[in-house]
Amino acid sequence: MNASDTPKGRATAAFEETYGGEPTALVRAPGRVNMIGEHTDYNDGFVLPMAIELDAFVALTPRDDGVVRIHAVDLDEEGAFDVASVRSRDARGDASARPGGWLEYGRGVAWALQADGLTLRGFDATLASDVPVGAGLSSSAAVELALAAAFGVSSRLPWDATAMARRMQRAENLWVGVQTGIMDQLVVARGVEGHALLIDCRDLHTRPVPLPSGVAVVILDTSTRRSLVGSAYDDRRRACEAAAALLGVTALRDVDEAHLERGRADLDDVTYRRARHVVRENARTLAAAEAMAAGDARALGAAMDESHASLRDDFEVSSSALDAIVAAARAAPGCLGARMTGAGFGGCAVALIEERDVAEAIGRIERTYREETGHHARVYVSRAAAGAGPVTLP
Ligand code: GLA
């Protein structure tokens, strides 16, 4: 493979061209795919994501001052700021799609680290990523954690992965202005090779669970994106909070099916169905983690199928493209289960497919999906990768 085909190769090659020397450090952070546990993180619930083999890379050389220069190689844009300029500012969300908006990720990361009392030194850097943007694979969390790791190197910060994930969630929520839960940043920071992470989003305890052998995780990008996903996401969060308040609990995590049924009369139909998804999805996620740990790929696949139906019918965050690609996956040879993954409305599905059938299954899924929708799927087969951190330079 040509070096310019990989984000690692692009970041290191561009470093020399931009700054005229070799970088002294290279850091990376992966994207993620969620196996199961969708729209549960902001309900203090359970999720089971894994870090994937698509990454954001930052090549850097620390500076003696607070200046951060970043060359975003994939966009061919450069930007700079001084960490002092964001030190005492209130957070604000303005990483809208305007040119140079990507630099707000850098500012937001510097803001969140300093807001937590860390002292920063700047760096000269190049940034390149192959995590597709807007696909539901956490391209922003990958960039945030890669930049956090870059500050980790330049400023000799202690690397506490969970603390870093929390800070990067604050950067995303309060600076970039997107109200996500903790799942993405935490698995991107803490991912373990060969394992998914069962995360308790209330106390942030993580338990690595080995992926069953003989099956592949196949990520199916519908190539559709929906721009209103932010407002629909906020709407779902509000419905969950309303349901929790009406049921007399802090978060839907504290509700089981019996409790939900007792309180049903107090909820309108939509709020009830939103809550039912979360309550059942939490139970399904715990069961799926047990199935995974026991190597029971069939039970895991069945839970994924049920999760999709619940997201489609009760939580209503699927889309015709997602439903079509999930149906195409289920009809393919060796498929044990498939579901939409991430926030929904577009982006990716994830399927569990017997390793021996993967090549044929992918061909069939691509064909069926194209015939049904006219869209071209992008397909990634990924093992579970390690979380963010430094990479040894050659
Ligand atoms: C997005 C958010 C996550 C999570 C999922 C839905 O990916 O960033 O925090 O809420 O949606 O499960």
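## A mostly covered helix

Helix α2 is mostly covered, for 12 of its 13 residues are buried. This description refers to a predicted model. The buried residues of α2 are L103, E104, Y105, G106, R107, G108, V109, A110, W111, A112, L113 and Q114.

The length of α2 can be checked by simple reasoning. Helix α2 covers residues 103-115, and at 1.5 Å a residue its 13 residues should span 18 Å; the C-alpha atoms at its ends are 18 Å apart, which agrees. After α2 comes G117, whose phi is positive, near 90°.

## Helix α1 and its surroundings

Helix α1 is formed by residues 7-19. Its 13 residues reach 18 Å from the first C-alpha to the last, close to the 18 Å expected at 1.5 Å a residue. Just after this helix, G20 takes a positive phi of about 70°.

In α1 the buried residues are P7, G9, R10, A11, A14, F15 and Y19. Their packing partners are the strands β3 (49-62), β4 and β6 (123-129). An α-helix has 3.6 residues a turn, so residues three or four places apart point the same way. Among the buried residues of α1 are A11, A14 and F15.

## Strand β7 and its partners

Strand β7 consists of residues 195-200, and five of these six residues are buried, so the strand is largely enclosed by the rest of the structure. Strands of a sheet pair through backbone hydrogen bonds, either parallel or antiparallel. With strand β2 (residues 46-47), β7 pairs in the antiparallel sense over two bridges. Here V47 stands opposite I199 of β7.

Strand β8 (residues 205-210) also pairs with β7 in the antiparallel sense, over six bridges. In this pairing L197 stands opposite P208 of β8. The strands β7 and β8 form a hairpin, with four residues between them.

## Two residues with positive phi

L204 lies in the loop between β7 and β8. Its phi is near 65°, a positive value in a residue other than glycine. Is L204 buried or exposed? Its relative accessibility is 9%, and L204 therefore counts as buried, since the limit for a buried residue is under 20%.

R156 also has a positive phi, of about 50°, although it is not a glycine. This residue is placed in the loop between α3 and α4. R156 has a relative accessible area of 76% and is exposed, because the term applies to values over 50%.

## The four-stranded sheet

Another part of the model contains an open sheet of four strands, in the order β10-β11-β9-β12, with antiparallel pairing. Strands β10 (335-340) and β12 (378-382) stand at the edges and have a single partner strand each, so one side of each is left without a neighbour in the sheet. From one strand to the next, the twist averages 20°.

Within this sheet, strand β9 (residues 215-221) and strand β11 (residues 348-354) run antiparallel and are joined by seven bridges. The bridge partner of V215 is E354 in β11. Helix α10 (residues 320-330) lies across β9, β10 and β11, and runs at about 175° to β10.

## A289 in helix α8

A289 belongs to helix α8, which covers residues 269-293. With 0% relative accessibility, A289 counts as buried. Which residues does A289 touch, not counting those up to four places away in sequence? They are L48, L198 and V209.

A303 is 14 residues apart from A289 along the chain, and the C-alpha atoms of the two are separated by 10.0 Å.

## Two domains

The protein is divided into domain 1 (3-37 + 45-207) and domain 2 (211-382).

Contact between the domains involves 30 residues of domain 1 and 35 residues of domain 2. The area buried between domain 1 and domain 2 is about 2,500 Å², and carbon and sulfur atoms give 62% of it.

Technical notes: Residues are numbered from 1 along each chain as its sequence is written. This is a predicted model: local features need pLDDT of at least 70, side-chain atom pairs count only at pLDDT 80 or more; totals for chains, interfaces and linings use all residues. Side-chain values use heavy atoms; hydrogens and water are left out. Buried means under 20% relative accessible area, exposed over 50%, partly exposed in between (1.4 Å probe, protein chains only). Contact means heavy atoms within 4.5 Å. Two strands pair if DSSP finds at least two bridges between them. Axes are lines fitted to C-alpha atoms, for helices over the stretch in contact, and angles run from 0 to 180 degrees between N-to-C directions. The expected span of a helix is 1.5 Å times one less than its number of residues. Domain bounds come from an automatic or database domain assignment. Buried area is the accessible area (1.4 Å probe) that two parts lose on being put together, summed over both.
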